Amino acid sequence: MADITLTQAEADTLIAMEKQCVDEKEWLFPGPGEALAIPLTSADKRENFMLDVSRGRIKLTKATYQNRPGKQSS
């Protein structure tokens with residue numbers, strides 16, 4: 001990937017810029033654990049963007065444990 005340096009003002013301009021799909025293709029929302037990248041372009045066609053859509057999975061084996069002190073009796 002190219003090493004590009006932007007000022008905050010340039011980044012804000014790109015983020016605020018109106019974006020349009022490159023083509024009229026219909027996209028299906030990705031299934032669990034899948035992803036897709038939709039090409040976009042600015043209204044004046046001078047800037048190109050990618051819209052990344054990813055979907056996570058529910059892992060039934062995932063658990064979180066936290067050890068914390070209980071209430072102290074008075």
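Does Leu51 count as buried, exposed or partly exposed, and at what relative accessibility? In this predicted model, local features require a pLDDT of at least 70 and side-chain atom pairs count only at pLDDT 80 or more, whereas totals for chains, interfaces and linings use all residues. Residues are numbered from 1 along each chain as its sequence is written, and side-chain values use heavy atoms, with hydrogens and water left out.

Leu51 lies in strand 3, where strands (E, at least two residues) are DSSP runs numbered from the N terminus. Because its relative accessibility is 40%, Leu51 counts as partly exposed; buried denotes under 20% relative accessible area, exposed over 50%, and partly exposed the range in between, with a 1.4 Å probe and protein chains only. The C-alpha atoms of Leu51 and Thr41 are separated by 10 Å, the two residues being 10 apart along the chain.

The strands form an open sheet of three, in the order 1-2-3 and with antiparallel pairing; two strands pair if DSSP finds at least two bridges between them. Strand 1 (19-21) and strand 3 stand at the edges with a single partner strand each, so one side of each is left without a neighbour in the sheet. On average, neighbouring strands are turned by 45° against each other, direction ignored; the axes are lines fitted to C-alpha atoms, and angles run from 0 to 180 degrees between N-to-C directions.

Seven bridges join strand 2 and strand 3 in the antiparallel sense. Among the residues bridged to strand 3, Ala37 has Asp52 as its partner, Ile38 has Leu51 and Pro39 has Met50.

Ser42, located in strand 2, counts as buried because its relative accessibility is 1%. A polar atom of the Ser42 side chain lies 3.1 Å from the backbone nitrogen of Arg46. Beyond residues up to four places away in sequence, Ser42 touches Met17, Glu18, Gln20, Glu47 and Phe49.

The largest nonpolar core comprises five residues, namely Leu36, Ile38, Leu40, Phe49 and Val53. Such a core is a set of buried Ala, Val, Leu, Ile, Met, Phe, Trp, Tyr and Cys residues joined through side-chain atoms within 4.5 Å. Two or more residues are given to this core by each of strand 2 (35-42) and strand 3 (48-54), and strand 2 gives the most, with three. In soluble globular proteins, nonpolar side chains tend to be buried together. With neighbours within four places in sequence left aside, the core residue Leu40 is in contact with Lys19, Gln20, Cys21, Val22, Glu47, Asn48, Phe49 and Leu51.

Notes: Helix = DSSP H or I, 4+ residues; strand = E, 2+ residues; numbered from the N terminus. Contact = heavy atoms within 4.5 Å. Polar contact = N/O pair within 3.5 Å; in protein donor to acceptor, adjacent residues only side chain to side chain.
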